[in-house]
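Please read the points below with the model open beside them.

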Amino acid sequence: MRKRIAFITVNAEKLYQTSLIEAMWQQSAALDYDFIVLTHFVNFDNETEYLKGDENIYTLIRQLRFDGAVIDLGSFYSRSLSKKLEDMLFEKGIPVIALDYVSERFESCLQNNREYFRQLTEHFIRVHGFTRIYCLSGPENVIHSIERIEGYKDALAENGIPFRQDHVFYGDFWVNYAKGFAERIVKGEIERPQAIVCGNDFMALQLCLSFAENGINVPNDIAVGGYDGNPDVSSYRPSLTTIGSGFRENGIEAVCRLHKLISGEIPRYRTEVRPAVKVGASCGCRADTSGDAAISDKIFARDMTLGIFMHSNYSSMMNNVKNMDECAIVLAQNAYLLYPESDFFLCLCSSGEENSDSGYTDKMVCRMKYCNGRCDISQQEFALDTMIPPNELSDRPAAYIFTPLHYLDRNFGYCVRRYSDSIVFEQYYGEFCQVAANSIERIRMLDYERSLNDKIQQLSERDILTGLFSRKGLISKAGSLSPDRRYYGVIYCIEGAEQFRGQYGNEYVRQIIVSLAQAVNLSCARGELAARTGSEEFIIIGECDDSDFPEQLFINSLKSNLKMIEMQQSISISAMLRRLSAVTDSSSAPTDMIAQLEKKLEDMRSSATESSSAFLGKLRELQYNVYEEPQLEWAAKKAAAQIGISTSYFQHLYRQFLNISFNADVISARLALAERLLVNTALNVSEIAEKCGYPDASHFMKLFRKKKGKTASEYRKAMTGIGA
């Protein structure tokens, strides 16, 4: 089994973090390790229920097998969480490297801040001839601040410039202090320098912005330098002169040191990264953009995918799911929103519900996976320590990024992204996962509400909604009927209630139930007992007469009353009803007949479910094929024939299982393809229409505008700024 290195960090959606993760994973892969990233999304120092759920992902430190770990504790704002993470790693007893912070428990791996900051300061001295240079560092007595100030002092000494303590300012490594510092220079409270070298890029960027707002030109009036080479600020202007790749080199060094602790061997191969001054416009040089292509591509891809996500109907689709099967289907339909060169796994705790302190179940269930551009929503149980279903584990070293799946502090499971090449982590990925978690919580609440209503019904003799007897009340009354007489029983059930609930809402189904109850009540003119025994089930018991079909009189009466109510209320009920009958004999009591009717209904439903479920896999496969190649000529009649059922039954099953009509789904798939082509290609609208299966471009344009609220050209311009 391949060895594993864990990386504990936060805010993986930032380009800085993904660049660091990619460098560390490439070094890990070269040493034949799987690289496991445990991360969460909300980085605050408080104790909200949501944060408890988010931070639950780190219980995997205890539960998964790791051969060693690197912890990036400096990226966590919560001190209590930081201590908890160090405690868990220490208790695990594996080799650990503390990345870029000083730890009392683990070996620390720090950037060479002194040397790199010396190089940065020296650039301003030797290239630009500045002698009055301020140093804006981080908090006093912090190792990173101390080392960078020492590098600043080294550069001054090597170039014969006296060091002045009043030229050193202690900030916060964030924009707040930098903004106030700039204001003091603007007001003349601090003498204006020729240049300022900053302890990180965020402070440097804020200085540039604040100076520009107050009419001070960077670099002509004051030159500014940053530190870190943070790709998250690379698109701002003026471009920063900074130190590039130091954090990536340090991540690689941490992996190499960890490998030596694990194996006792010096790494045979080391990824080469050379930190150096990265020249930008903020110092007065002409910006060097030779190394920016990869970052620019990632920023462009990130912005484009964000636009597609914002205009997708993923959230609204997830808001309408009623069970986990539908949830998995909608996730599969929207998997195109994720970076195509990565794989995605939605993994749930097998017990369905855990709290934030208990971690994950020993057995997990993969409910949806997206691998190599194909989706699979079949359920797969697997042991937690394998991380994902074992048949999906990669033959080569891979990077796995674990993120939490929860609602407040209720833990449902986790999501996994797998990469075997470049790492792209969408800005909206946290929201993508949270929408899924919100839907799972809503499904849980719907199930709980149904269960609660069933329990209330069982405890009450009267049905709260309809006023008829409940099942308990019916059994009580039936038990007091004379044993010397014969009785008939009729059970009615409303077919397709769940489908109508999904289409029209709970209130519509409640109206159907109440209207049917009114008709039943009107039909009980000869002392019949009527009860609502389930969510959509009714049982009527009456005394037999001498006819062969004693229940027929009631059935005819109900038909007549239903017809009247349907006309009055403009509602259709009769077509939705299924009916079963039974009659007592000399050896059976009315209560036995109730159980007999319910058993008949259960058998009928099981038979119907088995019959229709046999086609579910074929329908799902068909849907995936539609979304894979929506431009093909898809027709319900042809699809039904391939499955081997009638067109009407095919359309009924498609809507029942997938919550959308077949024709509407084809249109949805084609327009999703159109959106991608509009954003990612230079094809004109007519060419896109043809590629989406619409030879008539005018029809495509009308349809696109009707469904999306804007023309294809307007959509492209909104997403890319480029006209069609």
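1. Pro-219 sits in the loop that runs between α8 (201-213) and β9 (223-225), where helices (H or I, at least four residues) and strands (E, at least two) are DSSP runs numbered from the N terminus. The bond joining Val-218 to Pro-219 is a cis peptide bond, with omega about 20 degrees. The model is a predicted one, in which local features need pLDDT of at least 70 and side-chain atom pairs count only at pLDDT 80 or more, while totals for chains, interfaces and linings use all residues. Residues are numbered from 1 along each chain as its sequence is written, and side-chain values use heavy atoms, with hydrogens and water left out.

2. A cis peptide bond also leads from Arg-237 to Pro-238, with omega near 5 degrees, and Pro-238 belongs to the loop between β9 and β10 (242-244). Most residues other than glycine have a negative phi, and most peptide bonds are trans.

3. Asn-11, in the loop between β1 (3-8) and α1 (15-30), has a positive phi near 60 degrees. Asn-11 is buried, with a relative accessible area of 16%; buried means under 20% relative accessible area, exposed over 50% and partly exposed in between, for a 1.4 Å probe and protein chains only. Asn-141, whose phi is near 70 degrees and likewise positive, lies in the loop between β6 (133-137) and α6 (143-158), and is exposed, with a relative accessible area of 66%.

4. How do the axes of α19 and helix α21 (residues 647-658) cross? They come within 10 Å and cross at roughly 80 degrees, which makes α19 roughly perpendicular to α21, a term for angles of 65 to 115 degrees. The axes are lines fitted to C-alpha atoms, for helices over the stretch in contact, and angles run from 0 to 180 degrees between N-to-C directions. On the α19 side Leu-616, Leu-619, Leu-622 and Gln-623 meet residues of α21, including Phe-650 and Leu-653, contact being heavy atoms within 4.5 Å.

5. The largest nonpolar core has 100 residues, and Met-368, Phe-650 and Phe-700 have the most contacts inside it; such a core is a set of buried Ala, Val, Leu, Ile, Met, Phe, Trp, Tyr and Cys residues joined through side-chain atoms within 4.5 Å. Helix α22 (residues 662-680) gives the most to this core, with nine residues. Apart from it lies another core, of 40 residues, among them Ile-71, Phe-345, Cys-349 and Leu-384.

How values were computed:
Parallel < 35°, antiparallel > 145°, perpendicular 65-115°, else oblique.
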